[in-house]
Amino acid sequence: MADRVYIFDTTLRDGEQSPGCSMTVPEKVRMAAKLVELGVDILEAGFPIASEGDAEAVDAVSREFPWANVAALARANKADVEAAAKALKHARRPRIHTFIATSDIHLKFKLKKSQAQVLDEACAAVELARSFVEDVEFSAEDATRTDWGYLEAISRAVVAAGARTVNLPDTVGYTVPDEYAEMIGRMVQALGDSAIVSVHCHDDLGMAVANSLAALHAGARQIECCVNGIGERAGNAALEELVMAMNTRRDKLPFETRIVTEQLFPASQLLASLISFGPQPNKAIVGENAFAHEAGIHQDGFLKERTTYEIMEPHSVGVPETRLVLGKHSGRHALQKRLDDLGIPLRREELDVVYQRFTALADRKKGLRNDEIAQLARDVIQQTKASEAAA
Ligand code: KIV
Ligand code: ZN
């Protein structure tokens, strides 16, 4: 039986606050429109106390998409919660997301507060947030380095204070799937049906997606993530990877989201055009090479039967077509197919000559563009014509 998982998108908050990712208010509204089309369940639009721009963005997104669940971040204090409530005043479905660090290391060096003090402040912030909105989320920052007994106590306390969602972030990307699943399982058991347990993973050790998915098996039902995996340091869990893992491996991950997967690539492209970098070429799902096949054996297999080398259809994530990169590892079959697609079918002898020239050229270059391949073919066709005329 498939279980519903809520996708909490934080591209416009955790993503946007990282180097090279800042967006203006109109840019955030543009990206929000795409996120709404993509079907995210909750859209975190900013951290209102942090800057006027963030407060404006939360307000603009709330007005523009009144039916969306819009979240605003606030530290667990009065000024932050009030700023979030103010920025959300036009939202029809507002969520205040308040947080405080709970690990010993953060309490000792950053907050210089006791566990009891932090617990009291967390509950007070949740109560204050509930005086403005129904939907309040609490995050225990650095949850994965927090004592589990204390984490359980603070989770129970914030739920009693009115939080509906308890988020247990791996703020520094430190956990591993087994450990995270065990921790989440314990908190899910402690909270029962009183709150949704949420996960929020950073990718410092490259395990943000694996950790988030492991937590689903333990009962988490909200995942916080970003398009293209942008976010602090190594980034947040990549939305497109989480969703396609669930879609492609339903046998192992029987969970449902409302994401319109055909919008994944367009969302990735739009984000790349708004910030200062795009996904790396070999990025899963949305990278330039994610559906490209260059090795001759792969191309040959793929052309015979797509599923030999592809586990997802490019169009299912909105990638226009499978792209066979023609380079020095490509075979005759792939070259012939490309020429057919380009509307230049060749005779066998012509193809032999073009293939020879093509491999010689491809040896020196990274890959050949369609216009270069077409030119090679046209040259050979002209030469054949000339020699036939001379004969
Ligand atoms: O990584 C983190 O702990 C956060 C919280 C504010 C949710 O981004
Ligand atoms: Zn984060």
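Predicted model: local features only at pLDDT ≥ 70, side-chain atom pairs only at ≥ 80, totals over all residues.
Q: Which residues make the contact between α7 and α8?

A: From α7 come W148, G149, L151, E152, S155, R156 and V159. On the α8 side you will find E179, E182, M183, R186, M187, A190 and L191. By class, that contact has seven nonpolar, two polar and five charged residues.

Q: What makes α6 roughly parallel to α7?

A: Again, look at the angle. Helix α6 (residues 115-132) and α7 have axes that cross at roughly 25 degrees. Angles under 35 degrees count as roughly parallel, so α6 is roughly parallel to α7. The two axes come within 8 Å, and α6 passes α7 in a right-handed crossing.

Q: Why is α13 described as roughly perpendicular to α15?

A: The axes of helix α13 (residues 332-341) and helix α15 (residues 370-390) cross at roughly 95 degrees, coming within 10 Å. Since 65 to 115 degrees counts as roughly perpendicular, α13 is roughly perpendicular to α15. In this pair, L335, R338 and L339 in α13 meet N370, I373 and A377 in α15. The contact divides into four nonpolar, one polar and one charged residue.

Q: What is G296 in contact with, leaving aside its neighbours within four places in sequence?

A: G296, which lies in helix α12 (residues 296-304), is in contact with H329, S330 and G331. Contact here means heavy atoms within 4.5 Å. As for R332, its C-alpha atom and that of G296 are separated by 8.4 Å, although the two residues are 36 residues apart along the chain.

Q: How do you know that R13 makes a polar contact with ligand 1?

A: An N or O atom in the side chain of R13 is 3.0 Å from an oxygen atom of ligand 1. A polar contact is a pair of N or O atoms within 3.5 Å, so the R13 pair qualifies. The side chain of D14 likewise has an N or O atom 3.0 Å from an oxygen atom of ligand 1. For H202, a side-chain N or O atom is also 3.0 Å from a ligand 1 oxygen.

Q: Which residues are around ligand 1?

A: They are R13, D14, H97, F99, S139, E141, N167, P169, T171, H200 and H202.

Key. Residues numbered from 1 in each chain as written. Chains lettered and ligands numbered in written order. Heavy atoms only, no water. Helix = DSSP H or I, 4+ residues; strand = E, 2+ residues; numbered from the N terminus. Nonpolar A, V, L, I, M, F, W, Y, C, P; charged D, E, K, R; others polar. Near = heavy atom within 4 Å. Polar contact = N/O pair within 3.5 Å; in protein donor to acceptor, adjacent residues only side chain to side chain. Axes fitted to C-alpha atoms, helices over the stretch in contact; angles between N-to-C directions. Parallel < 35°, antiparallel > 145°, perpendicular 65-115°, else oblique. Left-handed = near helix turned anticlockwise from the far one by under 90°.
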